[in-house]
Amino acid sequence: MEKIPSVKTCVINTGNILSLNDITRKSGQNPSEELTEAINITIKEYKNGSVNGTQNSKLVIHRPSDDLRVKIEEQALADLKIGLKIFLNNDSKGLIQEAIEEGFATLKVPCVHNVVLQYKKDKLIEAGDDISSLKNIWSVLEEYVKNEKISQIGLADVEEATFRNVFEWATIKPSIIQINLATCCVVPPTLQSFCKDNDVQLLTHSDPSGSKDAIFVMPVDIPGFIYAGAVAAGGVLGYYRAGSIPSLAAGLLFGSALAYGAYQVSQDPSNYSVQLVTSSILAGVMGYRFYNSGKIMPAGVVCALSGVMIVRIALKAAGLTERKIT
Amino acid sequence: MGLLTEGSPLSWEETKNLSEHVRQHGIVQFINLYKRLRDRQGDILKWGDEVEYIIVKFNDERKVARVSLRAQEILAELNKKELENPEGVKSLWRPEYGAYMIEGTPGKPYGGLLAHFNIVEANMKHRREEATQLLKSDECLMTLTSFPRLGTENFTDPPSKPTPNEGATRSLFFPDEAIFPGHPRFKTLSRNIRQRRGEKVAINLPIYRDRNTKIPVDDSYKHSPAALPDHVYMDAMGFGMGCCCLQLTFQACNIMEARTLYDQLTPLCPIMLALTAASPLHRGFVTDVDCRWNVISCSVDCRTKEERGLEPLQNDKFVIKKSRYDSIDSYLSPQGDKFNDVPLVYDPKVYQQLIDNDIDHLLAQHIAHLFIRDSVSLFSEKVHQNDEEDTDHFENIQSTNWQTMRFKPPPPNSTIGWRVEFRPCEVQITDFENAAIVCFVVLLTRVILSYNLDFLIPISRVDENMQNAQQRDACKEQKFWFRKEITTHISPPEANECCKIGTTNCEPQNCEVYTCMTVNEIVNGKEGEFPGLIPLINTYLSGMDVDADTHCTIQQYLKFIQRRASGEILTTASWLRKFVTEHPAYKFDSQVTEEINYDLLKTISAIQGGELACPELLGYSTMSKTKENIPSALSKNC
């Protein structure tokens, strides 16, 4: 990728994954694994083929052997029911427009049957649904419906109250609500009857819900674990050298809290609260002790380590909110 | 059970003399309909199920259960609604072979929406209730593959006696009164099959050997030379055609898709037979097999001694390997061609006639092979037909070839397209189970077409699987030939070669395309080797717009099938066997006594009605979200 320095946007088009035998063979993977694999295959095939996909600083990575277009052309367009699902974690109007236009361009169709939107900001920053942002994006979708480019629009993974709120407010009502497959047998009766009364389709999906970052298989948070180990080892060392039981206890306590935090981050990168809080306490306490005693070991070192950790978490959090997936 | 032409049946002698006439005109009729309909396109997926029921009568005082011979009476009532309003009824009812049987289908076929999966069970429930309303309080409508004491003394109500020396069947056990009297077809078939064969049909099922089991099983061997002493011997068409099954018909979008589905579902027939096994009890005995298949196969085996290869050919034309009720003998799609490793018997003149009329090799040999059979039921009114329009002679032969799959051309002057019928499944006790199986198979067809999957293995291996599938506890114990690499039609050349050469030297290690798998591995997958049918269905569904209730229902069905396949819960056959052999009155003698039979059927009646939970058979979650109609938000968008 270093060959193309002018790239600002990168679109990965996996194409028709129904005809990827490697994926069919591994049926039973969850959609995140499936998507990761499809992306890997796409990048690999793209690298192997000599395709130049850069246009106006946009790089389109696709599979040369993709048969999506061929498959679509086998049918009359009127017989096809095309649906798009857009995952957003940013309420920029430009972004959703870009996603829809990219969808039309990829499929080479003038319009689609439905678009379902899954919008959720990062968990840490906003608990619950961000209704005003949602409405902001919704107005873009409504424009597309008015221009007859989309016939039905819907929402995925929103709380019932949010859905009702958007439904009451919207000019073009959502006609689809998508819920996670895992909950399809326990749909609240109030939502059931709301959908029935308003002719809303209550559909299922098996896409990752909540934080969209779960789509990516995150690497284990190795620095986090090393940091946890260092704090615990420091405590043990203090006990061994000076017989300090408080040192041992504090080392093991903070060490385990940090290890647990690192484990959480490895599972879900947006779940860094334990790690952040523990690091901050350590940085504070040890910083105070370093200020009083002037001792580099252990107070100064632990304080510095914790400071580095806090900066690292902050940088990662910022990165998370910028990532988008369409 | 096939074509129900009304009229006056001809005697066997007359039918036999006209058999060449029927064949000749049947072939011409097929050629004409093929020319008319070969290019028919654009039909949409429609499908339907057929469930067969038995009417059981309980006598609670004497603790006995019999089959009630009131089907004709009840059917007349059931059909009234249809006559008044043929388009508006929710269910259709048809006669079946037994005078104690009825067959029910949905009033209209289901369509291509996924939401249709959610109305199947509700419709089955509706059918059960509709027919049950017409029963007396001591009668019960049951979906039993085989009535456990069929053919024992006084198994019917009202009582009837077998007539070994006269009548249509001449059985030692099965009276003619137990054959549906409302239509001449059934008795005529029984008589003609017996007369064509030159003797009574013979069914011998190995007895399940328990510690007090007596050998010989009974004194049948004294009365009939065909009876094997250590087998349960049966001698009537009714033992087979008196069984109930669960069948499915799909409409394909065109003839090619129908041929693909016919082929791709063929290797699944034995697997589904093993998974749905439900008939270990026959003529009051516990047998050592779990399925009805061979019983029916033998019960309508009209082949003469010459045709069976027991005597040199003098009067007959061919030695024929199978009964007219058996697994299919050849694939129909181009990719199936290389797996047609069983030599097909047919009249070369008939084959040539089809080829000369622009019918391709695969279809021509299939039709010619079906037409090696004689008509076994002919009506005087239907002898002379207009071959340009009628298809009765073609249907006459086609509908008496009862095979695992049936390839069905569109009927004349109708809106119906090319169809495929899936026929191996045994019927289960509850509507939940039957709906689960039906939805599973229909979902498989969608997955096969969407992913372009290829399940084909040599036809001889499918035949082997059919026999293994019927073994006791086959679902858990047996291994089946199954294709490993299902994702592509391109198989390694050496594998193709290997499969072409033949069946004897084709060990799994030499042959890359298929291997041995258990039902569990086929259904649930095998790590690193085979994805599994249910994971494939789930992947397919994750890409579809499925409404919440339907998806909930489908998940219940799929989980149930997964548990059956994995052995976590029992197959119907294993459960029936267990019930009998653990019954306090069981004497370890392989006998299903009146008392055990009564208790068994009472228990089944409570399970099907939902009054009794049976987790070892059904698991713990048997509540689907099935409903009568499709929500309007969904039906609008099709």
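I started with helix H15 of chain B, residues 459–469, and found it mostly covered, with eight of its eleven residues buried. Buried means under 20% relative accessible area with a 1.4 Å probe, protein chains only. Helices here are DSSP runs of H or I with at least four residues, strands are E runs of at least two, and both are numbered from the N terminus.

Before going on, I noted that this is a predicted model, where local features need pLDDT of at least 70, side-chain atom pairs count only at pLDDT 80 or more, and totals for chains, interfaces and linings use all residues. Residues are numbered from 1 along each chain, chains are lettered from A in the order written, and side-chain values use heavy atoms, leaving out hydrogens and water.

Back to H15(B): its buried residues include B:Ile459, B:Val462, B:Met466 and B:Ala469. I looked up what they pack against, and the list has helices H9, H10 and H16 plus strands E16 and E17 of chain B.

Next I checked B:Asp347, which sits in the loop between strand E12 and helix H11 of chain B. Why does B:Asp347 count as buried? Because its relative accessibility is 13%. Its side chain makes a polar contact of 3.3 Å with that of B:Lys317. A polar contact is a pair of N or O atoms within 3.5 Å; within protein, one must be able to donate a hydrogen and the other to accept it, and residues adjacent in sequence count only if both atoms are side-chain atoms. Beyond neighbours within four places in sequence, B:Asp347 is in contact (heavy atoms within 4.5 Å) with B:Lys317, B:Phe318 and B:Ile372.

Then I moved to where the chains meet. Chain A brings 25 residues to the contact and chain B brings 27. About 2200 Å² is buried between them, 50% of it from carbon and sulfur atoms; that is the accessible area (1.4 Å probe) lost on putting two parts together, summed over both.

How many salt bridges are there between chain A and chain B? I found one: B:Glu485 with A:Arg25, closest N and O atoms 3.1 Å apart. The rule asks for a side-chain nitrogen of Lys or Arg within 4 Å of a carboxyl oxygen of Asp or Glu. Nine residue pairs are in polar contact across this interface, both at pLDDT 80 or more. On chain A's side, E8(A) gives the most, with four residues.

Last, I looked inside chain A. Domains 1 and 2 bury about 550 Å² between them, with zero salt bridges.

Methods. Buried < 20%, exposed > 50% of the residue type's maximum accessible area, 1.4 Å probe, protein only.
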